[in-house]
Amino acid sequence: DALIEASKEANTDAPEYYLIVQAIAEKENITVSDADLTAYFVEYFGTSDYSSYEESYGVNYLKWITLSQKVLDHLTAKVTLLD
């Protein structure tokens, strides 16, 4: 019961985050190619071989995390900071 209660907020926030990322990706025509996936792993893991991650998590999950990062990068590029 304690684990369920401790995870409650994360379990309700995560689906909202996923829907927001998906909506932004669709609106901005952001997609993930195989080259994007490789580039993600080179940048964040220092390798272009993501086969062990693909075996553990599946390619759809890897594409999802890459898409999420591309959306965050897109939003970051659009931000204007005010003094």
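**View A. Glutamine 69 and the residues it touches.** Setting aside its neighbours within four places in sequence, glutamine 69 is in contact with Tyr40 and Tyr44, where contact means heavy atoms within 4.5 Å. This is a predicted model, so local features need pLDDT of at least 70 and side-chain atom pairs count only at pLDDT 80 or more, while totals for chains, interfaces and linings use all residues. Residues are numbered from 1 along each chain as its sequence is written, and side-chain values use heavy atoms, with hydrogens and water left out. Glutamine 69 sits in helix α4; helices here are DSSP runs (H or I, at least four residues), numbered from the N terminus. Proline 15 is 54 residues away from glutamine 69 in sequence and 16 Å away in space, C-alpha to C-alpha.

**View B. Helix α4 and its buried residues.** α4 has 20 residues and reaches 29 Å from its first C-alpha to its last, close to the expected 28 Å; the expected span is 1.5 Å times one less than the number of residues. Its buried residues are Leu62, Ile65, Thr66, Leu67, Ser68, Gln69 and Val71. Buried means under 20% relative accessible area, exposed over 50%, and partly exposed in between (1.4 Å probe, protein chains only). What do the buried residues of α4 pack against? They pack against α1, α2 and α3 (51-57).

**View C. The largest nonpolar core.** Six residues make up this core: Leu37, Tyr40, Phe41, Tyr50, Leu62 and Ile65. The elements giving two or more residues to it are α2 (34-45) and α4 (59-78), and α2 supplies the largest share, 3 residues. A nonpolar core here is a set of buried Ala, Val, Leu, Ile, Met, Phe, Trp, Tyr and Cys residues joined through side-chain atoms within 4.5 Å. Zoom in on leucine 62: leaving aside its neighbours within four places in sequence, leucine 62 is in contact with Leu37, Phe41, Tyr50, Tyr53, Glu54 and Tyr57. A second, separate core has 5 residues, among them Ala25, Ile30, Leu67 and Val71. As background, nonpolar side chains tend to be buried together in soluble globular proteins.

View D. α1 runs over residues 2-27, which makes 26 residues, and reaches 39 Å from its first C-alpha to its last, close to the 38 Å expected.

View E. Asparagine 29 is in the loop between α1 and α2. For context, most residues other than glycine have a negative phi. Is asparagine 29 buried or exposed? At 65% relative accessibility, it counts as exposed.

**View F. Two salt bridges.** A search of the whole structure turns up 2 salt bridges, each defined as a side-chain nitrogen of Lys or Arg within 4 Å of a carboxyl oxygen of Asp or Glu. One joins the side chains of glutamate 28 and lysine 27 (3.7 Å, N to O). Glutamate 28 is partly exposed at 33%, and lysine 27 is exposed at 66%. The other joins lysine 70 and aspartate 36 (2.9 Å, N to O). Lysine 70 lies in α4 and aspartate 36 in α2, so this pair ties together parts that are 34 residues apart in sequence. Lysine 70 is partly exposed at 27% relative accessibility, and aspartate 36 is partly exposed at 24%.

**View G. Aromatic rings.** The whole structure holds 10 aromatic pairs. Rings of Phe, Tyr and Trp (its six-membered ring) pair if their centres lie within 6.5 Å, with planes under 30 degrees apart counted as stacked, over 60 as edge-to-face and the rest as tilted. Tyrosine 40 and phenylalanine 41 have ring centres 5.5 Å apart and planes at 75°, so that pair is edge-to-face; both residues are buried. Tyrosine 57 and tyrosine 61 have centres 5.7 Å apart and planes at 40°, so they form a tilted pair. Tyrosine 57 is exposed, at 53%, while tyrosine 61 is partly exposed, at 41%. Which residues do ring pairs link into a cluster? They are Tyr40, Phe41, Tyr44, Phe45, Tyr50 and Tyr53.
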